[in-house]
Amino acid sequence: MEVVWIDPDRCTLCGLCIPICVRRILEEREGAVAVTDPTQCILCGHCKAICPEDAPRLSSLNAKEFSPIPRREDLPQAEQLMALFRSRRSIRIFQNREVEKEKLEKIIQAARFAPTGGNRQPLHYVVLNSADRIEEIRTMAIKTLVGQAKKIESAIQGMRAGDEPVPLTYQLRQLYPPIWRQMADLDKQGIDRLFYHAPALIICHLNPLESVTPDMDPGLSAMQMILMAEALELGTCLCGFLVFALEESPELRKALQIPKDHRAPLSFMVGYPDVIFHRLVSRKPARVRWL
Ligand SMILES: Cc1cc2nc3c(=O)[nH]c(=O)nc-3n(C[C@H](O)[C@H](O)[C@H](O)COP(=O)(O)O)c2cc1C
């Protein structure tokens with residue numbers, strides 16, 4: 001079956017799909033809309049979404065998901081969105097309460113609809129929602145970070161002695177060794193400063209060769225997940241430290257079933273917040289130049 005074709009029994013030749021196709025592969029030909037090169041289709045679905053008659057057929061996509069577009073007034077208003085953005089906080093105190101699987105599934109669904117470069121949709125997710133699994137990963141990650149602390153410190157000492165170049169990542173992470181050692185000490189006392197005792201953890205990974213924008217796609221999907229979590233009355237906290245540990249430890253990636261050729265640039269904790277903020281916060285003024 002063709003990847004994309006226009007059902008001639010439905011098509012009224014209104015022409016709306018032709019200019020909206022990002023790959024310009026639709027054209028009117030002999031009284032029908034033809035797909036000039038189906039191999040160029042990126043399955044963005046714009047042709048089907050714009051067609052009043054639902055004539056485009058995209059065989060690999062779920063036609064049921066092309067449901068009617070919500071009315072503008074049913075979507076969040078600008079003020080509501082801004083209130084959501086501004087009230088989101090990184091949560092570092094969680095209730096001792098599991099997150100319902102349905103809510104975690106909704107969070108992942110939110111990620112599916114984030115834009116990706118060329119609509120490649122290269123992202124994979126690992127969701128951990130069992131205390132044992134999270135503990136296993138935390139233990140491995142903290143061990144890795146303590147190992148990384150030693151490497152950073154000896155590289156810095158080598159640099160000071162003038163006989164060793166320091167990798168840029170180590171230079172940027174110079175501040176962290178004491179934090180990671182303290183994290184390891186606290187961990188022994190049952191205090192989790194890596195995941196903050198969160199009941200769920202989401203890790204996003206991708207094969208960079210399958211993406212045209214591997215530095216952007218994970219962040220965009222993460223923000224949709226994080227905002228969905230907010231809407232579900234959950235809190236989140238990004239975990240850059242787990243990302244550092246994943247870069248360093250093949251064992252950790254294996255434990256999370258992340259393939260060898262994948263990168264895992266993003267992870268965050270999810271749970272019910274056990275903290276009530278009374279105020280929004282301030283940020284630096286935006287540095288904008290209007291041209
Ligand atoms: C890429 C990234 C990695 C982060 N990693 C951590 C982390 O490992 N641990 C942590 O407690 N917070 C982490 N944060 C949270 C930031 O510290 C937080 O977003 C920032 O202080 C602003 O606070 P807010 O999120 O409450 O607005 C991370 C944030 C980003 C964007």
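Ala, Val, Leu, Ile, Met, Phe, Trp, Tyr, Cys and Pro are counted here as nonpolar, Asp, Glu, Lys and Arg as charged, and the others, Gly among them, as polar. The model is predicted: local features need pLDDT of at least 70, side-chain atom pairs count only at pLDDT 80 or more, and totals for chains, interfaces and linings use all residues. Residues are numbered from 1 along each chain as its sequence is written.

The protein is divided into domain 1 (4–65) and domain 2 (76–291), with bounds that come from an automatic or database domain assignment. The centres of the two domains, taken over C-alpha atoms, are separated by 39 Å.

Helices (H or I, at least four residues) and strands (E, at least two) are DSSP runs, numbered from the N terminus. In strand E8 (residues 263–271), 8 of the 9 residues are buried, a residue being buried if 20 or more other C-beta atoms, placed from the backbone, lie within 10 Å of its own. Two strands pair if DSSP finds at least two bridges between them. Strand E6 (residues 200–206) runs antiparallel to E8 and is joined to E8 by 6 bridges; Ile203 has Ser267 of E8 as its bridge partner. Strand E7 (residues 235–238) is also antiparallel to E8, with 4 bridges, and Gly235 is bridged to Gly271 in E8.

The ligand is surrounded by Arg89, Ser90, Arg92, Cys237, Leu238, Cys239, Gly240 and Phe241, where a residue is near if its C-beta atom, placed from the backbone, lies within 6 Å. Strand E7 and helix H9 (240–248) are the elements that give two or more residues to this shell. By class, the shell residues comprise 4 nonpolar, 2 polar and 2 charged.

Technical notes. Buried ≥ 20, exposed ≤ 12 C-beta atoms within 10 Å, placed from the backbone.
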